[in-house]
Structure formats: structure tokens, C-alpha cells
Amino acid sequence: MPNTDFTQADDPFDVFESWLSEAEKSEINDPNAMSVVTTDTDGLPNVRILLLKGLDAADAAERGLVFYTNCESTKGQELMASRKAALLFHWKSLRKQVRVRGVVTMVSDAEADAYFESRHRESRIGAWASDQSRPLASREELEAKVSTFTAKFGDGPSPRPPQWSGFRVVPLEFELWSEGEFRLHDRVVFRRASIDLPWQRQRLYP
């Protein structure tokens, strides 16, 4: 039978964190994987898989879902232009799904620096070497740039590239979905008109 516990929740973040914790025990790979949807200047959507890297913010009203990327990439430019995004989590092992739509803010330099420093050294080098989303003539060209930055930084620290940072999606809408028998799923949406207002909960037909 459907899991109905979440249908009476007051805060969708509480349910999301509980489900993510469940997924960390049951998903084979990357329980924090999510589809990130942006739109270009013509309104045409783009979607790709990224990893969720945080759920907190210094200001509780601006609490959101954080990921990191090259700000000069296609997604980075589209996020900077529209300041809006949609996210989708699907945990097949749990038969649960979460959809998020919201406004986009930048993380602080301190947050971005701290996360970048926590990454594997080769990943930090890769962030310097990759002109993400731009044309690449060959694999050899990329590997040459990796070698260049590896030699540049040596065994010393590799600071965060100026074009690399994080985005926080602050939800205006959270939709929680749990599979039910015979396609009679449980589906609840939480909405608010702005980030400083309380959530309004509504059950939806599946």
C-alpha cells in the first residue's frame, strides 16, 4: 500500500531529508543524483544530472538545495540569466520521487571555497582544465590542459577557479510522490508564493 505518512507533513524539507536518508541505504549509486532543468533565452528547456551537495543556508528563509558547477557552462549561464530552476529526484529502490521548482541564488564565496577544497585533487585540477560546455577538438587537448594545471599547482594548494561556484535552489514548490498499487499513487504538493511565506499543502490526484 502507499506510504501515506508524508501526506500530513507541515514541512516538505523534513520529508525530503527522511527520504534521502532512506535512499542512501538502498540506492546502488548516487542517491543524491538529481535532474536539473534550466531554460535558454528562447524558453527551450535543458536537463542534465547533477549531485546534490547541500541543504542548508545561513538564513533559514533561504534554505535550499545546493549544487556546484562552472558558472560559464550552459547551465551556469542559464541559471545566472533566469534565476530559476527545477529539480527532480527519483529513487527507484524506494519507488518515490520529489519534484522541486524555485528561485536560484549563489552560494557565498566561503561556502564555495570550502566545498572546492573538500574535492579530490584531480577533480580540482579538472575544474581548472575544463572549459565546460565549449567545443573541444580532441580528448588529447583536454588531457594536455590537465597536465598543464597539474604541473602549475604541483603538490601545493589549488585554489577555486573564479568561474566555479555553487547555486542554491530555494523552493517555491515541492511535490512528493510515492508509488501505490494499480497506479493509485500518493501525491502531495507544497507551494508558497515567496520564500518568506509558510507552505500550503495540497493532495493531488495521481
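Mentor: A pocket here is found on a 1 Å grid over the protein atoms alone, as an open set of points where a 1.4 Å probe fits, with protein on both sides within 12 Å along at least five of seven lines, and its lining residues have an atom within 4 Å of a point. Its volume is the space filled by probe spheres set on the points, which are joined across faces, edges and corners. The model is predicted, so that local features need pLDDT of at least 70 and side-chain atom pairs pLDDT 80 or more, while totals for chains, interfaces and linings use all residues. Residues are numbered from 1 along each chain as its sequence is written, and side-chain values use heavy atoms, without hydrogens and water.

The largest pocket has a volume of about 370 Å³, and among its 17 lining residues Tyr68, Thr69, Arg119, Gln132 and Trp164 are the closest to its centre. Strand 2 (45-51), strand 3 and helix 4 (121-129) each give two or more residues to this lining, and strand 3 provides the largest share, 4 residues; helices (DSSP H or I, at least four residues) and strands (E, at least two) are numbered from the N terminus. The lining comprises 8 nonpolar, 6 polar and 3 charged residues, where Ala, Val, Leu, Ile, Met, Phe, Trp, Tyr, Cys and Pro count as nonpolar, Asp, Glu, Lys and Arg as charged, and the others, Gly among them, as polar.

The second largest pocket, with a volume of about 240 Å³, is lined by 14 residues, and those nearest its centre are Lys84, Ala85, Ala86, Arg101 and Gly102. Two or more lining residues come from each of strand 1, strand 4, strand 5 and strand 6, and by class this lining holds 5 nonpolar, 4 polar and 5 charged residues.
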